[in-house]
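Subject: Structure handover

Hello,

Here is the structure I promised to pass on. Please open it first, then read the notes below.

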Amino acid sequence: MPTYSLIHPVVGAIAVLLCYATAYLGLSRMMLIAGKRSRFYWFRRNVHVNMGRSFVALLFVVYPLGILGISETGFSPFSTPHAYLGSFLLILFTFGAVLAFLILKGRWEYIKHHGRVMLAGAALSIFQIIGGIVNLRSLGIKTSELCFFTGR
């Protein structure tokens, strides 16, 4: 049976994919405003909003799973930079989500701030991924073992 220390990376990977897909849709909006018309840049507002909501909701599932996972292995939850950066990213993405909520309520002046905050979080997520891989290796878990659903 998979443990929290294995569930967290898998669900976290899904969250990261949602993050980058939502960022792509947001960047498509920016490219259209800049006048760059292409079949690759087509802003789908409803898809962007729904993916963003799913991403932020998933963050609030992934974070406690990570705390439970590292606690389950016997280590202190805040013994690595991965946990601190995760806490910072949770706060940063929550702030970006609050800005998105204000935008949906008609406060259009927050669009640029929302985009910058979320893109900064997406960029910092790269360091979070690296830190997670380092944590897994220090626990003796190979990233290939995370494919427990393949039966290997």
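A contact here means heavy atoms within 4.5 Å. On that basis, residues 24 or more positions apart account for 67% of the contacts in the protein with a separation of 6 or more.

Two notes on the source. This is a predicted model, where local features need pLDDT of at least 70, side-chain atom pairs count only at pLDDT 80 or more, and totals for chains, interfaces and linings use all residues. Residues are numbered from 1 along each chain as its sequence is written, and side-chain values use heavy atoms, with hydrogens and water left out.

Overall picture

The protein has four helices and zero strands. Helices (H or I, at least four residues) and strands (E, at least two) are DSSP runs, numbered from the N terminus. Along the sequence, the pattern reads α-α-α-α. The protein has 152 residues, and 34% of them count as buried. Buried means under 20% relative accessible area, exposed means over 50%, and partly exposed lies in between (1.4 Å probe, protein chains only). Accessible areas come from the Shrake-Rupley method with a 1.4 Å probe; for residues, only the protein chains shown count as cover.

Helix 2 against helix 3

Helix 2 spans residues 45-72. Helix 3 spans residues 81-104. The two pack at an angle of about 150°, with their axes 11 Å apart. Axes are lines fitted to C-alpha atoms, for helices over the stretch in contact, and angles run from 0 to 180 degrees between N-to-C directions. The crossing is left-handed: the near helix is turned anticlockwise from the far one by less than a right angle (clockwise would be right-handed).

Which residues meet here? On the helix 2 side they include Val49, Phe55, Leu59 and Tyr63; on the helix 3 side they include Ser87, Leu90, Phe93 and Ala97. Take Ser87. It counts as buried because its relative accessibility is 16%. Ser87 touches Tyr63 and Phe78, not counting residues up to four places away in sequence.

Helix 4

Helix 4 covers residues 111-138. Val117 sits in it. Its 14% relative accessibility is why Val117 counts as buried. Beyond neighbours within four places in sequence, Val117 is in contact with Leu92, Phe95, Gly96 and Leu99. The C-alpha atoms of Val117 and Thr94 are separated by 9.8 Å, and these residues are 23 apart along the chain.

Asn135 is also in helix 4. At 15% relative accessibility, Asn135 counts as buried. Its contacts, leaving aside neighbours within four places in sequence, are Thr80 and His82.

Surface

Tyr20, Ile126, Phe127, Ile129, Ile130 and Val134 make a nonpolar surface patch of about 550 Å². Patches are made of residues with over 30% relative accessible area and no salt bridge; like charges are joined within 9 Å, nonpolar side chains (Val, Leu, Ile, Met, Phe, Trp, Tyr) within 5 Å. Helix 4 gives the largest share of the nonpolar patch, five residues. Ile126 is found in helix 4, and at 47% relative accessibility Ile126 counts as partly exposed.

How many salt bridges are there? The structure holds one. A salt bridge is a side-chain nitrogen of Lys or Arg within 4 Å of a carboxyl oxygen of Asp or Glu. Arg107 and Glu109 form it through their side chains (2.8 Å, N to O). Arg107 is partly exposed, at 37% relative accessibility. Glu109 is partly exposed, at 48%.

Best wishes
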